[in-house]
Each structure stands twice: as C-alpha cells, then as structure tokens.
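Let's learn to read a protein model together, one feature at a time. Have a look at it first, then we'll talk.

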Amino acid sequence: MSETVQDKVDFLVIANRLPVDRKIDDEGNVSWQSSPGGLVTALEPVMQRKGGAWIGWHGAPDEVVEPFHHDGYDIHPVPLSAQEVEEYYEGFSNATLWPLYHDCVVEPVFHREWWDAFQKVNKRFAEQAAEQAAEGATVWVQDYQLNLVPTYLREMRPDLRIGFFLHIPFPPIELYSRLPWREELVEGLLGADLVGFQTPGAAANFLRLAKRRPGVTASRGRAHTRDGRDVVVRDFPISIDSRGFHELATSEKVQAETAKLREDLGNPETIIFGVDRLDYTKGLRQRIRAVGELFKEGKLDPHEVVFLQLATPSRERVEEYKILRDDINQLVGQINSKVGTIANRALVYRNESVPREVLAAMYQVADLMLVTPVRDGMNLVAKEYIACRSNDDSALVLSEFAGAARELKQAYMVNPYDIDGMKATIMKALTDSPKVKARKMRSMRRQVFDKTIDVWADDFLTELEGR
C-alpha cells in the first residue's frame with residue numbers, strides 16, 4: 001500500500017487516543033509505534049484489510065501533528081490545547097462521566113465550562129471524520145469521551161454508517177438523571193446506527209432513557225428516532241487476543257522472566273496476584289484490606305504466601321487519584337509493618353507500568369488471581385490471566401460487579417464491599433480441591449479462547465455494515 005495519506009477512506013475509527021506512541025531515538029529522530037492496547041490489536045487487522053484511517057489525539061497538548069501513514073492505514077491526529085485536555089478530558093470525561101457511569105463510586109463533578117469544552121472537542125473529532133470519510137463509509141466511534149460525535153457526524157454526513165461502542169458501564173436512569181446535560185448525551189448516541197454495550201443490562205439502561213425522548217420509541221433492542229431511523233442497541237462483550245497472550249506467556253523470554261520473578265519474591269509456596277490501573281473503581285482498598293486481615297489473623301503465613309499487587313499509574317493530575325495513591329501506600333505500609341519482615345514482605349506493592357512480558361510472567365507465577373472491582377464495564381485482566389495460564393491448578397476470584405462475571409461464571413465470585421465474604425472466598429479458592437479448580441479453569445479457558453477480540457470486532461462490524 002502507498003505511504004501517502006488517502007484523501008477519502010471507506011472505514012474510520014474515532015477514539016480519544018491514537019493507536020500509536022511517539023518514540024524519539026538518541027539522535028532526536030521521531031517514529032511512531034503501535035500501542036500495546038487490546039483495542040489496537042483487535043482493530044489494526046480490520047483497518048489494514050479495509051485501508052482505513054484512525055482519528056484521535058496523539059497525547060501532547062498544544063501541538064499540531066500532520067497526518068501520516070502507519071502500518072497499512074492512515075493516522076489523523078486531532079489537536080487539543082492544554083485547557084481542552086484539562087476541561088474536556090480530565091474534567092468532563094473523567095471527573096463527570098467516569099464516576100457517574102461507575103455508579104458514583106466517587107461524587108461526579110458538574111461544571112458548565114467542562115461541558116462547553118466537551119461539546120467543542122467532540123465537534124472537532126466529528127468534523128475531522130466528516131472530511132476524511134468517503135461516500136457511504138463506515139465509522140466506528142469508541143467510548144464515552146466521544147459521546148456526542150455520532151449526532152454531530154450524522155448532521156454533517158447523513159450518508160455514513162455510524163457505530164458507537166461504550167467500553168465502560170452505563171448507569172441506570174436514577175443515576176444518569178443527575179446529569180444536567182442528560183438529554184443532549186442521549187441524543188448524541190442516537191445519531192448512530194448501532195450502539196454497543198458490554199452487557200445486556202447496560203443496553204437496557206440506555207433504551208429506557210432513549211424512549212423518554214420526545215418522538216422516540218424503543219423496544220426489542222431498537223430505538224426508533226424522530227427522523228425515522230432505527231438504532232440497534234445491544235451488547236457486544238469485548239475480549240482479548242487469547243492466543244497471542246498464551247503464546248507470549250509460554251515463550252522462552254517470559255518463562256525466564258517468570259523464574260526470576262519467583263526468585264525475587266522469595267520462592268513462596270503460594271503467590272496471590274492483582275493488577276489494576278490505580279483507579280478508585282478497581283476495589284484496591286477493599287482487596288488489600290481483606291488480604292491484610294487474612295495475614296493478621298494467621299490464615300495466610302507470610303513465610304509461605306506473598307500477595308503481589310501491581311497498580312499502574314493513572315490520571316495522576318486528578319485529585320481523587322492522588323488521594324487513592326496515598327491511601328494505598330499507607331495501607332500497604334501498615335500491613336507490612338505488622339505481619340511482614342524485611343526478608344518476607346507479605347504484600348509486594350508495585351506502583352508502575354511494566355512491559356507486556358513482565359505482566360505475562362506475573363500471570364504465570366500467580367496461583368490465585370484477585371480481580372475485585374467495585375464496578376467495571378468488562379475487565380480484561382481476568383481474561384488475560386486465564387489465557388496466560390498453562391496449567392489448571394490456579395484460581396480466579398472475580399467481582400460480581402465486573403462485566404466479565406457474566407461470561408466467567410466458574411470464577412469464585414465476590415461482592416468487593418463485603419470484606420468478610422471476600423476473605424472467606426479467597427480462602428476457599430486457595431484450599432479447594434485440585435479437581436474443582438481444574439474444572440473451573442477448563443470451563444473459563446474454553447470461553448476465553450472461543451470468544452476472542454477478533455470475534456468481538458467481527459460481530460460488531462457485521463451488524464453495522466449490514467444496516
């Protein structure tokens with residue numbers, strides 16, 4: 001394929017961030033490499049087949065980057081000012097919508113200035129797509145930051161097929177109604193031909209809201225709009241590149257990393273593992289408190305058991321995240337001072353990002369995986385752990401409030417708000433018979449390898465392009 005950026009394309013993805021990271025070598029030369037995220041892994045082959053374009057922000061404020069060709073498709077960077085990053089992204093997207101959509105785990109903040117910025121930036125993304133899309137093109141809009149893009153784009157280009165997928169939960173009417181701009185946001189999604197959610201419950205929540213709009217009727221997974229269109233609304237549970245994760249985890253490089261990691265942890269008999277973004281929705285406080293109490297009560301022996309928790313930094317400029325980081329540091333320190341020693345730390349806490357090979361090694365050494373968010377659209381960590389495991393002798397403790405709980409029904413389920421219940425479930429998962437654990441893991445492995453990220457993307461696009 002030519003390295004020249006195309007004037008018009010038949011397939012576009014629009015997301016807050018581009019699928020590439022900028023790399024600068026020792027001589028100052030700039031190059032762009034594909035990001036490691038699951039969405040990029042899923043959509044790159046689709047875009048390469050279709051010769052499409054990806055529209056998004058490149059990650060640096062107050063900078064204009066010209067479009068360029070990358071690995072078979074075009075990249076169209078959308079510029080954002082530092083003020084827009086603060087108001088549209090850190091503000092409305094992540095201090096208003098994010099907590100509201102996650103059942104108000106923390107209190108959402110409503111500022112009119114943030115809403116103004118949100119509208120302005122969403123319109124800019126839509127204008128870029130309208131300019132790049134060929135006649136009758138397919139456009140796939142990703143996630144809550146771009147909630148208004150479908151309607152803006154519909155107004156500009158009624159000839160397009162427009163899909164929208166929400167990667168996070170969608171709240172019930174009682175919570176959503178708190179939004180001063182709830183009507184505009186619902187209308188924003190109704191501009192699409194297909195609106196996808198992680199779970200049937202989220203899709204049903206949206207349909208209940210949609211049919212409250214004047215002139216809109218909704219039933220059986222469809223909303224009929226005032227302008228005579230039918231919008232399909234349904235669940236498309238996202239997944240992972242299961243085989244890719246398994247091949248990585250069983251590679252020689254990761255196997256060597258696994259042996260080193262086990263040695264660094266003191267070669268304990270049992271390793272419990274958790275990995276999350278440092279986010280208040282992930283249930284980190286509750287999880288660490290539960291495991292800490294098990295150590296204090298003598299049910300877990302720090303000479304035999306290590307709890308490794310990896311928390312990757314996230315939204316470090318947002319106040320709630322700063323508070324969470326300090327709380328977790330203090331909690332880990334208190335627990336280790338009471339039950340651990342210099343030679344044997346009960347909790348090994350790492351607040352950093354690690355390469356995929358190191359993460360795969362952590363999955364490999366973990367005898368028990370704790371995935372206990374207080375609210376999550378899906379949570380792919382649970383699926384990654386299962387894909388990376390070579391044997392059936394491990395266990396997954398999973399929050400019933402993660403979207404993944406609908407698919408991974410054989411996990412040891414917990415309510416993360418119930419600390420005593422979580423402690424009991426952790427102990428059951430550790431002490432259950434090998435036969436029971438093996439049966440559970442085999443069932444979950446079948447699900448994870450049958451329903452991959454490729455299946456998710458193909459299902460969504462087949463539905464959208466058949467409209």
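Q: Is A203 buried or exposed?
A: The general idea is relative accessible area: under 20% is buried, over 50% is exposed, and partly exposed is in between, using a 1.4 Å probe and protein chains only. A203 has 5% relative accessibility, so A203 counts as buried.

Q: Before we go on, what kind of model is this?
A: This is a predicted model, where local features need pLDDT of at least 70, side-chain atom pairs count only at pLDDT 80 or more, and totals for chains, interfaces and linings use all residues. Residues are numbered from 1 along each chain as its sequence is written, and side-chain values use heavy atoms, with hydrogens and water left out.

Q: How many helices and strands does the protein have?
A: Helices (H or I, at least four residues) and strands (E, at least two) are DSSP runs, numbered from the N terminus. Here you'll find 16 helices and 18 strands. The radius of gyration, taken over C-alpha atoms, is set against a globule rule of 2.2 Å times the number of residues to the power 0.38. For this protein it is 23 Å, close to the 23 Å that the rule gives for 467 residues, so the protein is as compact as a globular protein of that length.

Q: What share of the residues count as buried?
A: Of the 467 residues, 58% do.

Q: Where does A203 sit, and which residues does A203 touch?
A: A203 is part of helix 7, residues 200-210. A contact means heavy atoms within 4.5 Å. Leaving out residues up to four places away in sequence, A203 touches F197, V233, R234 and D235.

Q: What do contacts say about the whole chain?
A: Take the contacts between residues at least 6 apart in sequence: 74% of them join residues at least 24 apart.

Q: Where is P171, and is P171 buried or exposed?
A: P171 is in the loop between strand 8 (161-165) and helix 5 (173-176). With 0% relative accessibility, P171 counts as buried. Its contacts, not counting residues up to four places away in sequence, are L100, Y101, Y176 and N205.

Q: What does the side chain of S93 reach?
A: A polar contact is a pair of N or O atoms within 3.5 Å; within protein, one must be able to donate a hydrogen and the other to accept it, and residues adjacent in sequence count only if both atoms are side-chain atoms. The S93 side chain reaches the backbone oxygen of Y88 at 2.8 Å. S93 lies in helix 2 (residues 82-101) and is buried, with a relative accessible area of 0%. Among the residues S93 touches, not counting those up to four places away in sequence, are W98, F118 and Y144.

Q: What about the phi of R220?
A: R220 has a positive phi of about 50° and is not a glycine. R220 lies in the loop between strand 10 (217-219) and strand 11 (222-224). R220 is exposed, with a relative accessible area of 86%.
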